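Let us read some packing features together. Look at the model first.

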Number of protein chains: 2
Amino acid sequence: MSTIDTAITASRELYDQSLSGLVEFLSIGSVSTDPSCAADVARCADWLAHALRGAGLPHVDVVTTNGHPIVYAEDCSAGPSAPTVLFYGHYDVQPVDPLNLWTDAPFNPIVKNDTIYARGATDDKGQVWAHVKALEAMYRTGGRLPLNVKVLIEGEEEIGSPNLAPFVEARREALRCDAVVISDTPMFAPGSPSLVYGLRGLAYVQIDVTGPNRDLHSGSYGGAVNNPINALAHIIAALKDSSGRIAIPGFYDDVIPLSQEERDELAALGYSDETLKADVNVDELFGEPGFITPERLWARPTLDVNGILGGFTGEGAKTVLPSKAMAKVSMRLVPGQSTAKVVQQLTNYVKTLVQPGISVTVTDLHGANPVLVPRDTPAMRAAASALETTFGTACRYTREGGSIPVVELFDRVLGSPTVLMGFGLNNENAHSPDEHFSLENFRKGIEAAVRFYAGYAAERS
Amino acid sequence: MSTIDTAITASRELYDQSLSGLVEFLSIGSVSTDPSCAADVARCADWLAHALRGAGLPHVDVVTTNGHPIVYAEDCSAGPSAPTVLFYGHYDVQPVDPLNLWTDAPFNPIVKNDTIYARGATDDKGQVWAHVKALEAMYRTGGRLPLNVKVLIEGEEEIGSPNLAPFVEARREALRCDAVVISDTPMFAPGSPSLVYGLRGLAYVQIDVTGPNRDLHSGSYGGAVNNPINALAHIIAALKDSSGRIAIPGFYDDVIPLSQEERDELAALGYSDETLKADVNVDELFGEPGFITPERLWARPTLDVNGILGGFTGEGAKTVLPSKAMAKVSMRLVPGQSTAKVVQQLTNYVKTLVQPGISVTVTDLHGANPVLVPRDTPAMRAAASALETTFGTACRYTREGGSIPVVELFDRVLGSPTVLMGFGLNNENAHSPDEHFSLENFRKGIEAAVRFYAGYAAERS
């Protein structure tokens with residue numbers, strides 16, 4: 001058997017242990033946005049560092065930051081003539097609310113139908129764990145790795161990675177690598193692996209609207225004192241026209257149009273609107289006119305209200321004219337656009353929409369610039385080959401609608417291209433109740449990671 | 001001293017006891033809309049019945065209903081030749097949220113600057129208690145009342161009085177009276193008493209919007225799957241035009257226009273926009289073009305969103321494309337309009353505003369038809385005289401923006417006109433945190449009630 005085959009066999013022998021480790025990993029409620037979970041986030045970092053040592057990595061640190069710790073490990077014993085890969089992932093997870101919509105407790109992982117259910121299962125613990133176990137299988141095979149590996153797993157991805165850039169900038173030399181690999185993107189479809197070469201950016205703001213200085217009786221004051229919820233709805237409604245196109249002046253000015261070649265390629269993917277409609281159970285899709293769904297999802301900017309709150313929201317009928325209302329609004333950006341500029345465009349436009357008797361503030365909560373990564377690199381070829389061998393089918397090249405801001409960071413600071421080789425699926429409820437991860441893809445993810453690391457080492461040696 | 005003067009003196013001697021009784025009354029958290037407060041609502045009814053017996057009323061019942069109990073008392077010992085007044089009030093109170101905006105606990109009444117702070121202080125326990133103490137002072141004076149009195153105090157006013165109409169209809173004969181008196185309206189201004197002769201009606205609905213079958217990642221789905229919050233904002237924004245006029249087709253068709261005489265009278269009140277702006281701390285008022293503030297508040301219909309909720313509303317930035325959003329929307333109606341018709345008009349209009357990929361339901365939560373009461377009746381004259389003597393100034397005639405649905409009920413079922421003689425003030429936070437009631441108006445309310453009951457008995461005897 002080849003070294004790769006031996007490592008694949010080792011990964012299969014390790015599988016039961018890999019699954020029980022994943023259950024442990026997922027039972028730690030590492031919600032980075034919730035201050036009350038800080039101790040669990042720290043515990044998760046320690047647990048992960050311990051697991052990386054157990055996998056065979058000789059140098060593992062839990063690095064303190066101004067926020068949640070970064071877990072960093074490396075093994076550069078393959079020497080300077082061997083290539084170096086930096087694996088990046090995150091061990092923090094999204095909040096769990098609305099908790100009442102979960103079938104099982106989010107931090108009590110349950111396996112049903114070869115699928116594991118827990119917050120973080122697909123985003124990103126399950127995918128991180130596949131890489132850890134791939135490295136462990138490779139250590140078991142030859143006692144050492146055929147390439148230099150650096151492992152950087154942060155605990156603040158879900159809150160915009162505020163402490164990652166300082167870390168990467170401070171360790172610019174230590175983190176040098178030939179390629180970065182990340183598994184935090186969905187596959188094109190079940191059984192159909194893909195490499196993501198484009199990511200949308202993100203600009204996330206909060207709009208706070210204030211009217212009267214206190215909640216008023218809507219009977220006594222309604223009609224003469226402006227209502228901040230009505231005023232907020234007026235603002236939100238004006239952010240898009242009735243066709244679904246964003247109405248912020250200048251918003252589309254910097255968008256680099258898709259080339260006809262890329263539009264043809266996206267059309268040829270055979271993306272199924274019917275599958276999407278069935279998945280989310282809507283009778284019609286709705287988006288920017290003139291673009292097909294994969295263009296709308298991956299290559300065109302969008303605007304969504306992520307949350308809204310104001311007044312009385314309990315049971316029954318309370319006749320309040322509220323003092324305040326709030327909306328969280330995010331825009332997905334595409335190449336050409338910049339976070340700072342669209343936030344300014346939005347803010348300027350909102351100012352023109354403020355009704356009498358109302359004051360409005362727009363607060364920039366976080367952002368990420370859009371990214372395109374080169375497709376024709378040794379690491380991308382090694383990844384495509386690993387995926388094709390593992391899944392037995394051609395690898396697709398897609399873009400993705402979400403943001404992974406570190407891709408831009410690694411490109412800018414380390415000069416390293418990123419391979420986005422994900423094993424999740426789009427309907428695995430990444431940010432909603434009953435998040436889950438296919439265990440078939442978990443197993444294939446381990447094997448594809450083995451083939452990627454080994455294949456990349458072989459191609460470069 | 002006249003009997004009235006003796007009773008006024010007795011009410012003053014009773015004052016310390018009246019205040020301590022009010023503190024007890026206000027410390028019971030009788031929130032009718034909250035099922036978890038049901039025991040407190042029941043306890044409040046029992047407490048009030050006990051207090052009415054203590055005041056001197058010979059027949060006091062706590063009447064079970066399908067919801068919260070009705071407290072009913074009567075004393076018809078003045079005989080058939082004496083007039084009969086029905087006093088109506090409510091012992092239930094609004095919910096207390098947002099609790100964090102209260103300076104003191106809402107059910108721990110605090111007296112500061114001759115003002116009592118607690119939920120229900122002005123709406124309506126403080127005003128109910130003024131009548132109870134007025135009757136007690138009259139009993140202390142002569143051992144008996146100079147007129148027949150029926151006291152009906154319900155526990156469901158804040159939830160639309162679902163069990164009051166059946167009670168009144170079933171006891172139509174027992175409740176017969178020459179006039180109804182209610183103290184649940186504001187005075188025109190501090191020191192300036194008023195009688196309210198018009199009330200707006202209310203139509204209160206909930207709009208529920210559903211998009212995808214679960215909360216989605218806004219990066220993965222945004223741009224192709226419609227967002228229920230954006231779709232809800234589109235609906236709400238379309239309910240009014242940019243000038244503040246309601247845009248529901250047909251909404252104004254049945255509105256009976258104000259006569260020029262009434263417009264002149266409202267203009268002559270000298271309503272101060274500056275006072276209102278300072279009260280609620282806004283730099284501009286906002287309402288239907290072409291009408292002055294008292295017209296907008298009292299005599300023109302309005303539409304307000306009372307509450308809105310959807311998606312992620314916690315700290316930070318969660319990139320969710322939510323499954324659902326909800327708004328509570330109420331319309332204040334004026335004479336000519338009917339609750340059922342405007343709800344139907346709203347529902348039909350909303351149907352035309354539903355975007356692709358979204359489903360919407362409109363649920364009628366509760367309503368009340370608008371009312372005008374006759375101004376030239378013996379009871380109104382007795383009330384005006386009582387107010388003028390007590391406050392030492394002319395009584396104003398105003399309308400009110402809120403709804404008191406029982407006024408229409410008493411007119412329809414009992415054929416009795418209602419006197420709306422309130423002692424509250426508009427800025428006493430009736431439905432918001434730090435609700436309070438002026439103790440000067442509480443004392444004057446007791447005295448005005450004594451003068452009203454005694455004066456009405458004298459006028460009719």
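**Sheet, helices and chain contact**

A: In chain B, three strands form an open sheet in the order S4-S5-S18, with antiparallel pairing. Strands (E, at least two residues) and helices (H or I, at least four) are DSSP runs, numbered from the N terminus. Two strands pair if DSSP finds at least two bridges between them. This is a predicted model: local features need pLDDT of at least 70, side-chain atom pairs count only at pLDDT 80 or more, and totals for chains, interfaces and linings use all residues. Residues are numbered from 1 along each chain as its sequence is written, while chains are lettered from A and ligands numbered from 1 in the order in which they are written.

Q: Which are the edge strands of this sheet?

A: Strands S4 (110–112) and S18 (436–438) of chain B; each pairs on one side only.

Q: How many bridges join S5(B) to S18(B)?

A: Strands of a sheet pair through backbone hydrogen bonds, either parallel or antiparallel. Here three bridges join S5 (residues 115–117) of chain B to S18(B), and the two run antiparallel. B:Tyr117 has B:His436 as its bridge partner in S18(B).

Q: At what angle do H3(B) and H4(B) pack?

A: Two packed helices are described by the angle between their axes and the distance between the axes. H3 (residues 38–55) and H4 (residues 121–142) of chain B pack at about 25°, axes 8 Å apart. Axes are lines fitted to C-alpha atoms, for helices over the stretch in contact; angles run from 0 to 180 degrees between N-to-C directions. H3(B) and H4(B) are therefore roughly parallel (under 35 degrees).

Q: How many bridges join S11(A) to S11(B)?

A: Five bridges join these strands, each residues 302–311 of its chain, and they run antiparallel.

Definitions and conventions:
Parallel < 35°, antiparallel > 145°, perpendicular 65-115°, else oblique.
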